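Thanks, everyone, for making the time. I would like to walk through one model this morning, going from the overall fold to a single residue.

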Amino acid sequence: KMRLGEVAKTLNQQVLSEKEIEELHQVLLIILDDLIKICECYDLHFILIGGSAIGALRDKGFIAWDDDIDIAMPRKDFEKLYKIVQTQYSTKYSILHPQAKENYGRILPKIRLKGTLYKTILEYDLEESGIFIDIYTIENIPDLCWKRLSQGIICMFMGFSLSCRRIAKGYDVFRKYQKGVGFKIKAVIGLLLSVVSIEQWAKWTDYWYSRCKNENSKYVGIPSDDFHYFGEIYARSEFCNYETVDFENRSCWIPSNYDFYLKRRYGNYMQPPAVENHDRNCYLAYDLGKYKKEN
């Protein structure tokens, strides 16, 4: 595994400085404030997840070295948010839908602030790369065991196929910092799958992730998150009941089972990692545009 500095140098990237991270945080809060306003106005719901949930609980805001905000929304609420942003906020924001004609092979929606630029290695192929908030969709999970198992297997297959397809598409970029037999195998599989466009693979994957339409199912999940389908299943009664939490002097929400959710993913999440284990983020391009504050 290459060190951060080696990766950055190989791909002509730069590492975010502490000052840049602080400035980035302030711009992210602009997006968060608008999301809170929209959700309150239209009775939509989102929760902080991942590092953003930890930051809220441990630091009452951003983890100092974090470069984004991660939220999750029920699928039905995301679909409404997408239409609202497209029709009422299109001059300020862009938002990607996995079923859009040009989804660039992405199944994780992002809402991006126009007039800004933050391009990471994962976005090497995007023309529009504004500062963003990730939106993970919370999906309904079938109650019947055989339906849950069959949908899960298909979702795992689709997610793996899309990952292989993405590696094949960006092989010349990714091979500069990913090594090993597994990476090469996925690249070969992705090459075989490239008879179908990466946009179509994303549409198929998103379709299967959102296949269950039962809004009263006992379980929900976030198949697009790191633990994939079977590792991201939660009781609806816990994950979709929310507790208020402070995030940079703003009232946000986390799932009522946050302790189980976070311990399962991070262990003792209230204990900050050692300095040498802090994630430092690289970028290909970075510009706050009109949102940059002059000193």
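Accessible areas here come from the Shrake-Rupley method with a 1.4 Å probe, and for residues only the protein chains shown count as cover. On that basis the protein exposes about 15,100 Å², of which carbon and sulfur atoms supply 53%.

Please keep in mind that this is a predicted model, in which local features need pLDDT of at least 70 and side-chain atom pairs count only at pLDDT 80 or more, while totals for chains, interfaces and linings use all residues. Residues are numbered from 1 along each chain as its sequence is written, and side-chain values use heavy atoms, with hydrogens and water left out.

Turning to the fold, the secondary structure comes to eleven helices and 13 strands, where helices (H or I, at least four residues) and strands (E, at least two) are DSSP runs numbered from the N terminus. The radius of gyration, taken over C-alpha atoms, is 19 Å, close to the 19 Å from the globule rule (2.2 Å times the number of residues to the power 0.38) for 295 residues, so the protein is as compact as a globular protein of that length. Along its principal axes the C-alpha trace spans about 60 × 45 × 45 Å.

Finally, which helix holds Arg75? Arg75 lies in helix α4, residues 75-88, and counts as buried because its relative accessibility is 11%, buried meaning under 20% relative accessible area, exposed over 50% and partly exposed in between, with a 1.4 Å probe and protein chains only. Leaving aside neighbours within four places in sequence, Arg75 is in contact (heavy atoms within 4.5 Å) with His97, Thr137, Ile138, Glu139, Asp206 and Ser210.
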